[in-house]
Amino acid sequence: MRIRLTVLIFLCLSCLCACNVKTQNDYQQYLRNNSGAVSFAAVGGDFRYCFTERTWSHRKEVKTWMGGILSTWVVEMGPMLEATMQTGDVRGVFRSLQPFTPGAKSVWVSEYDLASYDFINNRAKIRLAVRTIAPDGRASSKEYYAEGTPQLGKMYWGKSFAIKNAIQQSTKIAMDAILAEYFADLGQMGVR
């Protein structure tokens, strides 16, 4: 009986613990530790990328009972997308890839617009619109959607670090799926 009471008290207290964790703070390191997890098809071409204001200002708070009901994991997709663009996995797809600067000539431009990000049922769900402008001025737009793999174990039994890792992992998997589809579409657009 005492053991059950002790366990119950421990669970109640752990659910009341409070922390505020920004998942993007060490996302670059997470990406470095997981480089090569996906193999993107090479596209070639000289590319510049940018993000819409909506993407940069995005902020999603994730809560879980097991991690402490007062705890919040904050996902800010702007910095996480920027970190993704800087990885060797993504940079290796193109002849060159740099942030957009006005006046760039003879380059392809990709504008990323986060339509939605959510973390529901222990997985990331991302809807990302990408507008592509060719060097000759042709433009195309497409919205992509992907879900990361569920992270049930980490979300329910992990504490702060495990929950942050679950959010990062599921987000990366969803973003990799979107980028793989986008890069395949670029190949069909005649990027050279």
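1. The model is predicted: local features need pLDDT of at least 70, side-chain atom pairs count only at pLDDT 80 or more, and totals for chains, interfaces and linings use all residues. Residues are numbered from 1 along each chain as its sequence is written, and side-chain values use heavy atoms, with hydrogens and water left out.

2. Mean pLDDT (the predictor's confidence in each residue, from 0 to 100) is 83 for the protein chain. A value of 70 or more is reached by 79% of its residues. Residues 10-18 stay under 50.

3. An open sheet holds five strands in the order β5-β2-β6-β7-β8, with mixed pairing. Strands (E, at least two residues) and helices (H or I, at least four) are DSSP runs, numbered from the N terminus. Two strands pair if DSSP finds at least two bridges between them. β5 (96-99) and β8 (139-147) are the edges; each has a single partner strand, so one side of each lacks a neighbour in the sheet.

4. β2 (residues 46-51) and β5 run parallel, joined by four bridges. Phe47 stands opposite Leu97 in β5.

5. One cavity of 30 Å³ or more is counted. A cavity is a set of points, on a 1 Å grid over the protein atoms alone, where a 1.4 Å probe fits but cannot get out; lining residues have an atom within 4 Å of a point. Points are joined across faces, edges and corners, and volume is the space filled by probe spheres set on them. The largest cavity holds about 70 Å³. Its lining includes Leu31, Phe40, Asp89 and Lys172. α5 (88-91) and α7 (160-188) each give two or more residues to that lining.

Terms used: 1 Å grid on protein atoms, 1.4 Å probe; cavity = no way out; pocket = protein on both sides within 12 Å on 5 of 7 lines; lining within 4 Å. Contact = heavy atoms within 4.5 Å.
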